[in-house]
Every structure is written in structure tokens, then in C-alpha cells.
Amino acid sequence: MTRQAKFPTRRLVLLGGAAALAAGGVYWWRATPPYYGGAKLTVAQAHEAAASGDVVLVDIRTPREWAQTGVPEGAHPIDMRRDDFLATLSQVAGTDKGRPIAVICARGVRSARLSRALTEAGYTNIVDVPEGMLGSAAGPGWLKTGLPVAAVEEG
């Protein structure tokens, strides 16, 4: 009987360990930006380029995130989860897939993923802003750098 009592305990420990590894893997996948080999800008460079009209800056975060922090001054807030994201991007940036478009999110993970996806969709001048609004390994981010933000109109 003691042998049977230990077996379920070992199984539970193994299952718990496997679950912890899986959860850690999911966290790592969500928190680690994929490799994006295209152009990148610091937040200061993105701000300057957007202000001068050299790039179209797009904030791809969610409306809740925009409400919490504002959006980068000069950026177009387009939630990347929208079904009509590409159509809305075309309305903002035009139909020229070679026009420079800089993509920013919170910490550079979503912007890297979307930069890759847009490049695969035929856009030829996508620029990632890997610092994001909140900072990442790439740098302190838009907010800590003290760059201007604008409130998003509810609508």
C-alpha cells in the first residue's frame, strides 16, 4: 500500500513540474520579442521622424492601454487586434506599401511580431520601435524618456 500511495504523489509532482515548465514557456514566448531583421528606431528617433513626416507612427496597443498612458504625440492609434487593421492602416498611411511606417507597442514584443507580419504581407519599409511605450531591453521607452503623449478621444 505504501508503494501505491507514493505513485500518485510522484505523478502529481511530475505533472506539476510539467505544468510549471509549460507556463514558463508561454510567459517567455509572450515576453520575448521575435527576431525582426528590419529597421529599428529608438523612441527619440521615432518621435523626430514622425514629427518631420518621415514616417507614419502607429501605436498598435489596445484602447485600454491608450487610456492609461496616452499615445505618442503624432501617432495613429490602431488596435492591432482589429479585423480591419490593414484597411485602417491603408487609410492612415496610404496604399503605397513602400511608405515608411513605424510600429510601437508597450514593450516591443507586439511591434516586432506585427513588423514581421506586415513585411510578410508585402510592406517594404516597416520600422520597429522596440523600446515601446514602457521600456524594454532596447531602452527606457517613450514615457521614461519624457517624450510627449496625447490623449485618445473616446469615440
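Buried means under 20% relative accessible area, exposed means over 50%, and partly exposed is in between (1.4 Å probe, protein chains only). With that in hand, take strand S2 (residues 56-59): Val56 and Val58 point one way, Leu57 and Asp59 the other, and all are buried. Keep in mind that this is a predicted model, where local features need pLDDT of at least 70 and side-chain atom pairs count only at pLDDT 80 or more, while totals for chains, interfaces and linings use all residues. Residues are numbered from 1 along each chain as its sequence is written, and side-chain values use heavy atoms, with hydrogens and water left out.

- Helices (H or I, at least four residues) and strands (E, at least two) are DSSP runs, numbered from the N terminus.
- In a regular strand, side chains alternate between the two faces of the sheet.
- Strands pair if DSSP finds at least two bridges between them; S2 runs parallel to strand S5 (residues 101-104), with 4 bridges joining them.
- Asp59 has Ile104 as its bridge partner in S5.
- S2 also runs parallel to strand S4 (residues 76-77), joined by 2 bridges, and there Val58 stands opposite His76.

**Salt bridges**
- The whole structure has 4 salt bridges, each being a side-chain nitrogen of Lys or Arg within 4 Å of a carboxyl oxygen of Asp or Glu.
- One of them joins Arg61 to Asp59 (2.8 Å, N to O); Arg61 is buried at 2% relative accessible area, and Asp59 is buried too, at 0%.
- Another joins Glu65 and Arg110, again at 2.8 Å, N to O.
- That pair links distant parts of the chain, 45 residues apart: Glu65 sits in helix H3 (residues 63-69) and Arg110 in helix H5.
- Glu65 counts as buried because its relative accessibility is 13%, whereas Arg110 is partly exposed at 24%.
- Arg82 and Asp84 also meet in a salt bridge (2.8 Å, N to O); Arg82 is partly exposed at 36%, and Asp84 is partly exposed at 36%.

**Helix H5**
- H5 covers residues 109-120, and its 12 residues should span 16 Å at 1.5 Å a residue; the end C-alpha atoms are 17 Å apart, which agrees.
- The expected span is 1.5 Å times one less than the number of residues.
- Buried residues in H5 include Val109, Ala112 and Leu118.
- Just after H5, Gly122 takes a positive phi of about 105°.
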